[in-house]
Amino acid sequence: MAGFRSPNPGFRALRPAAFGAAPRGERMARIRRSPHFEDGAFQNPGGVTRTRPSGSARDLAKAFLGKESRSLRAPAGRVPVHATTLADLSRPPATGLRLTWTGHSSVLAEIDGQRVLFDPVWGERCSPFPFAGPRRLHPAPLPPAALGPVDVVVVSHDHYDHLDLPSIKALAGTDTLFAVPLGVGAHLEHWGVSAGRLRELDWHETTRVGGLTLTATPARHFCGRGLRSTQHTLWASWVVAGEEHRIYHSGDTGYFEGFKDIGAGHGPFDATMIQVGAYSDFWPAGHTDRTPLPGAWPDIHMTPAQGVQAHLDLQGGRPGGVLLPIHWGTFSLAPHPWAEPGEWTKDAAEEAGQAAAFPRPGEPFEPAAKLPEEPWWRAVSRPIAHPWRRPRSAGGADGTRSGDLDLAGER
């Protein structure tokens, strides 16, 4: 992880390559000049965000290691992965925009004649070690080589489930460009990506790739790949704008007021890819009925209802575009049931009157065409409780108030 150093040369020799490299030289000087870098670390919008679990270590271990919890956190059968083919991806999208979610936060976006690959993770584990760490719950729908040419790879931050050494090494052998948050370029150069292929951005900075404008936008999260976090690499969400279409990828983030600002400055969006998984009562601010929004203590991941609210904020406070939920279904990273993020996002989107897509991993779809809406996870999921659903309130024709999602009874 960025910033890790050992005084022992022998120990450094054993340091896994997946740890990456710390920013140095002019890169570190640029980091220090960032308006978002203070007191020796990158800061979140709105102040400090706690990143360590709350509650006792015993309760946390029980939630993760208990027999019942373990069974709920994995599919009960084989996940129905779509066998993506070159034919699926060789035909240009009829509407000019097509998204292919390959699992977790990895999405291939074909937008206005160019191809953008977000957070590619093809590794078997999101870990620096091949023998330990969270393992994939379904196979990758296709190998990276089968994607065809990619114009730019976009990375949201340097955690293992978003920046994957095997995937980067596979893509380093192509001529694709890489757009990354400030500081993350040190990892990629360490792994063989030349400096000339890097576009390294601070929040609110932009770069052009062909006909696309890419903007790094704020998020509430943290960074780190090794034994000690120095917070010297930035985390970001991303806006990609073409001549006809605009899309947004949240990366990892807690809910915050900045979604409204991003929407006002760059939206509305034809599609958003929003993190909805890996929430927990143990994470800061958690996932409880005592956490109203807005105004809650910001945390590092969003719940499904928060993800839907973030999409609405990005769209100017009302339903619009298409929401693609990401960061769920591929790795077990929190105590919640495996399919709960998909099920609860579907609930929250329907309650808000918001269109949402639920493709199988690897299933391409066009946001302006027929959406994949079947809850495919139910065939391989254990029963999921819906304790947060409430009677519909007056206001809309169907009894809902569009864009005003009540989160108080979520759990």
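**Cores and salt bridges in a predicted model**

Student: What is the relative accessible area of Glu189?
Tutor: Glu189 has a relative accessible area of 34% and is partly exposed; buried means under 20%, exposed over 50%, and partly exposed in between, with a 1.4 Å probe and protein chains only.

Student: What sort of model is it?
Tutor: This is a predicted model, where local features need pLDDT of at least 70 and side-chain atom pairs count only at pLDDT 80 or more, while totals for chains, interfaces and linings use all residues. Residues are numbered from 1 along each chain as its sequence is written, and side-chain values use heavy atoms, with hydrogens and water left out.

Student: Back to Glu189. Which residue does Glu189 form a salt bridge with?
Tutor: Arg27, with the closest N and O atoms 2.6 Å apart. A salt bridge here is a side-chain nitrogen of Lys or Arg within 4 Å of a carboxyl oxygen of Asp or Glu.

Student: Which residue pairs with Arg30?
Tutor: Glu205, in a salt bridge of 2.7 Å, N to O. Arg30 lies in helix H2 and Glu205 in the loop between strand E8 (198-201) and strand E9 (206-209), so this pair ties together parts 175 residues apart in sequence. Arg30 has a relative accessible area of 26% and is partly exposed.

Student: How many salt bridges does the structure hold?
Tutor: 11. One of them joins Arg378 and Glu343, 2.7 Å from N to O. Glu343 is buried at 5% relative accessibility, whereas Arg378 is partly exposed at 46%.

Student: New topic. Which residues touch the most other members of the largest nonpolar core?
Tutor: Val116, Phe118, Leu214, Trp238 and Ile247, in a core of 70 residues. Helix H9 (residues 304-314) supplies the largest share of this core, 5 residues. A nonpolar core is a set of buried Ala, Val, Leu, Ile, Met, Phe, Trp, Tyr and Cys residues joined through side-chain atoms within 4.5 Å.

Student: What is Leu214 in contact with?
Tutor: Leaving aside neighbours within four places in sequence, its contacts (heavy atoms within 4.5 Å) include Val152, Ala179, Glu205 and Trp238.

How values were computed: Helix = DSSP H or I, 4+ residues; strand = E, 2+ residues; numbered from the N terminus.
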